[in-house]
Amino acid sequence: MQQFLSDPSALALAAAGLAAGVGAGLALVLRPGRRRRADRPGPPRPGVDYRPGVGDDAEDPRDTPLRTVDTVDIPDTLDAPGTAGAPDTVPQAPPGPAREAPAPARGRLARLRGRLARSESAVGRRLLALLTRDRVDEATWEEIEEVLLGADLGTSTTLDLVRRLRERHAEGGGDVRSLLREELLRVLDPGRDRALDVARHDGLPGVVLVVGVNGSGKTTTVGKLARLLVAEDKEVLLAAADTFRAAAGEQVQSWGERVGVATVRAPEGADPASVAHDAVRAGVEGEVDVVVVDTAGRLQNKRGLMDELGKVKRVVERQAPVTETLLVLDATTGQNGLVQAEVFGEAVDVTGVVLTKLDGTAKGGIVVAVEQRLGVPVKLVGLGEGPDDLAPFEPEVFVDGLLGESTGDRTA
């Protein structure tokens, strides 16, 4: 240890060996040892002002070798001074962020039920006024159709729902509100498997690829997903493969540090596929349960970027199969989210949808449209800005929120 602290060349060789052992995209943070003092200079030369000035030594000399700052993990502490192999002069690591205990995953949506009801209150109030009328006439049906279209259920979904409602109501099938709840649940299918496929298979970790457009909340979703998995006692490794957006790597790492999850990252502008590849390889060698890969946000109409996303998936699968590809959609984008889902699905075979920003919009009907039109299940929903506001999707709770009902007041 003393040799590494006093000999820069030995430190460089050690850093190179560690980086080579885990891949080009991975490097451990190492603290450089103190530089050797240069030979004593000769006597002062006449006419030279040797007094220190402002800004002296403000930066390293230009010929100082550059060091990568990529991070796999940061130990909580260095060896305590006085222990074997650790000289008293070893500096202590700065204190990191305190680890947090994520909220349990089970029942999260029920706990966030109030936010969902508030977000959909406009739709719920209008539907309540319509569906509880003593007499439901043609004008009422048209208003119901208008409200459902405004909730972003989509034209085809809305027309189909209203048609079935009218037929069942004409046959004396019950009150319209209960019928609408039944029909929405028929589309969403509570019995559908919405569980995340994050289990280890054949000795390999589950690999979750998270994709989406810029501004959809994708990177934040990656951090919240890590917390959700930690709450389920999963060992998680994060891959910051969004190397194009400034500070994306730091954002992912910060989320991971809060729950004790390691992050694999690379300098800005590095090849995203290489970062993802190295992260999955580290996950395989470290025998973690799940590797979550944050990809660069992209527009669905940029074919070159979509092709690159397909490349990331192909490169990752050289190490382990991608068990889950989650598309992050912003609930406020409405029907444009369907276009995004279709294009992303062509590039990477989306297996599930994460609907974010559902707490601030009355457009939650996009959930129904996505499931009916695309056949892709909504697996997670974001209902707030808090770190534990990402919840597994529960159709019954969601539909009750859309209709403005409290869980205990259901009549069906």
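This is a predicted model: local features need pLDDT of at least 70, side-chain atom pairs count only at pLDDT 80 or more; totals for chains, interfaces and linings use all residues.

Colleague: OK, what order do the strands of the open sheet come in?

Modeller: There are eight strands, in the order S3-S2-S4-S1-S5-S6-S7-S8, and the pairing is mixed.

Colleague: Which ones are the edge strands?

Modeller: Strand S3 (262-264) and strand S8 (390-392), since each pairs on one side only. Going from one strand to the next, the twist averages 25°.

Colleague: How many bridges join S1 to S4?

Modeller: Five, between residues 206-212 of S1 and residues 290-294 of S4, and these two strands run parallel. To find a spot on screen, look for valine 207, whose bridge partner in S4 is valine 291.

Colleague: And which strands does helix H11 touch?

Modeller: H11 (residues 272-286) packs on the sheet and touches S1, S2, S3 and S4. Its direction makes about 165° with that of S2. Helix H13 (residues 336-348) also packs on the sheet, touching S1 and S5. The direction of H13 makes about 160° with that of S5.

Colleague: Changing topic: where is aspartate 242?

Modeller: Aspartate 242 is in the loop between S2 and helix H10 (248-258).

Colleague: Is aspartate 242 buried or exposed, and why?

Modeller: Aspartate 242 counts as buried because its relative accessibility is 5%, and the cut-off for buried is under 20%. Among the residues it touches, leaving out those up to four places away in sequence, are Lys218, Thr219, Asp294 and Thr295.

Colleague: Now S6. How many of its residues are buried?

Modeller: Five of its five residues, 352-356, are buried. On one side you have Gly352, Val354 and Thr356, and on the other Val353 and Leu355, so both faces of S6 are covered by the under 20% cut-off.

Colleague: What does S6 pair with?

Modeller: S5 and S6 run parallel, joined by five bridges, and leucine 327 stands opposite valine 353 in S6. Between those two strands the chain goes through H13, and this β-α-β crossover is right-handed. S6 also pairs with strand S7 (residues 378-382), in the parallel sense over three bridges. There, valine 353 stands opposite valine 378.

Colleague: And what holds paired strands together in general?

Modeller: Strands of a sheet pair through backbone hydrogen bonds, whether parallel or antiparallel.

Key: Residues are numbered from 1 along each chain as its sequence is written. Side-chain values use heavy atoms; hydrogens and water are left out. Two strands pair if DSSP finds at least two bridges between them. Helices (H or I, at least four residues) and strands (E, at least two) are DSSP runs, numbered from the N terminus. Axes are lines fitted to C-alpha atoms, for helices over the stretch in contact, and angles run from 0 to 180 degrees between N-to-C directions. Contact means heavy atoms within 4.5 Å. Buried means under 20% relative accessible area, exposed over 50%, partly exposed in between (1.4 Å probe, protein chains only). A crossover is right-handed if, with the strands pointing away from the viewer, the path from the first strand over the helix to the second runs clockwise.
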